[in-house]
Amino acid sequence: FSDFSPIYSECLSLLKKFIGVKNNLFLTTSSGTGAMETAIANLFNEGETILNVQTGVFGVRFTQICQAFNLKTVELKCADGKAVTIDEIANALKEHPEITGVTVTFNETSTGVCNDIEAIGNFLKDKNVFLVVDGVSGLGALPYDHDKWHVDATVTASQKGFLAPPGVGMVALS
């Protein structure tokens, strides 16, 4: 344990800088999907309503995870190859004022769509709505700043953007 602890602490410290989070970062022995499940299971209560932005397969996966945890879901299906717009999110929130969280994929692996997380975070920051971002394929490949962009939870994993072996999920919290 005395050999492991300093290495683990250094990894957390470096990953926090990389993700742009000052507060909590948790590592899981899981895939990115496991990190997504960890965030959803711990941030929301059964029956809450979540807006799931779907720009591809992983946006749909967020919806499936929310439903597995008995959350009500509002699906915002974006046109093929198109990123979500602030107007689309604003309209969904207006139509469903009970929404307590928004899930969105930073860089959608299946379609190549990159959503503007900075703009989404700035839009949601004063709305009392949690922003949960799947950053699995984007982090490590694209600039990202969890705290500056007003993200509440970022999930990622070792195998895509970090180009490391699979099996380590990460959950950063504001």
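**Exercise 1. Work out the handedness of the crossing between helix 4 and helix 5, and describe the contact.**

Solution. Helix 4 passes helix 5 in a right-handed crossing, where right-handed means that the near helix is turned clockwise from the far one by less than a right angle. Helices (H or I, at least four residues) and strands (E, at least two) are DSSP runs, numbered from the N terminus. Before going on: this is a predicted model, so local features need pLDDT of at least 70 and side-chain atom pairs pLDDT 80 or more, while totals for chains, interfaces and linings use all residues. Residues are numbered from 1 along each chain as its sequence is written, and side-chain values use heavy atoms, with hydrogens and water left out.

Next, the geometry: the axes of helix 4 (residues 86-95) and helix 5 (residues 117-124) come within 10 Å and cross at roughly 35°. Axes are lines fitted to C-alpha atoms, for helices over the stretch in contact, and angles run from 0 to 180 degrees between N-to-C directions.

Then the residues: Ile-86, Ile-89, Ala-90 and Leu-93 of helix 4 meet Ala-119, Ile-120, Phe-123 and Leu-124 of helix 5, contact being heavy atoms within 4.5 Å. Sorted by class, that gives eight nonpolar, no polar and no charged residues. Ala, Val, Leu, Ile, Met, Phe, Trp, Tyr, Cys and Pro count as nonpolar, Asp, Glu, Lys and Arg as charged, and the others, Gly among them, as polar.

**Exercise 2. Find the strand order of the open sheet and its edge strands.**

Solution. The seven strands run in the order 1-7-6-5-4-2-3, with mixed pairing; two strands pair if DSSP finds at least two bridges between them. Strand 1 (25-28) and strand 3 (72-77) are the edges, each pairing on one side only. On average, neighbouring strands are turned by 20° against each other, direction ignored.

Zoom in on one pair: strand 6 (residues 153-157) and strand 7 (residues 169-173) are antiparallel over five bridges. Here Thr-156 stands opposite Met-170 in strand 7.

**Exercise 3. Check the length of helix 2 and say where its buried residues pack.**

Solution. Helix 2 (residues 32-43) has 12 residues, so at 1.5 Å a residue it should span 16 Å; the rule is 1.5 Å times one less than the number of residues. Its end C-alpha atoms are 17 Å apart, which agrees.

Gly-32, Gly-34, Ala-35, Met-36, Ala-39 and Ile-40 are buried, meaning under 20% relative accessible area with a 1.4 Å probe, protein chains only. The buried residues of helix 2 pack against helix 3, strand 4, strand 5, strand 6 and strand 7.

Definitions and conventions
Buried < 20%, exposed > 50% of the residue type's maximum accessible area, 1.4 Å probe, protein only.
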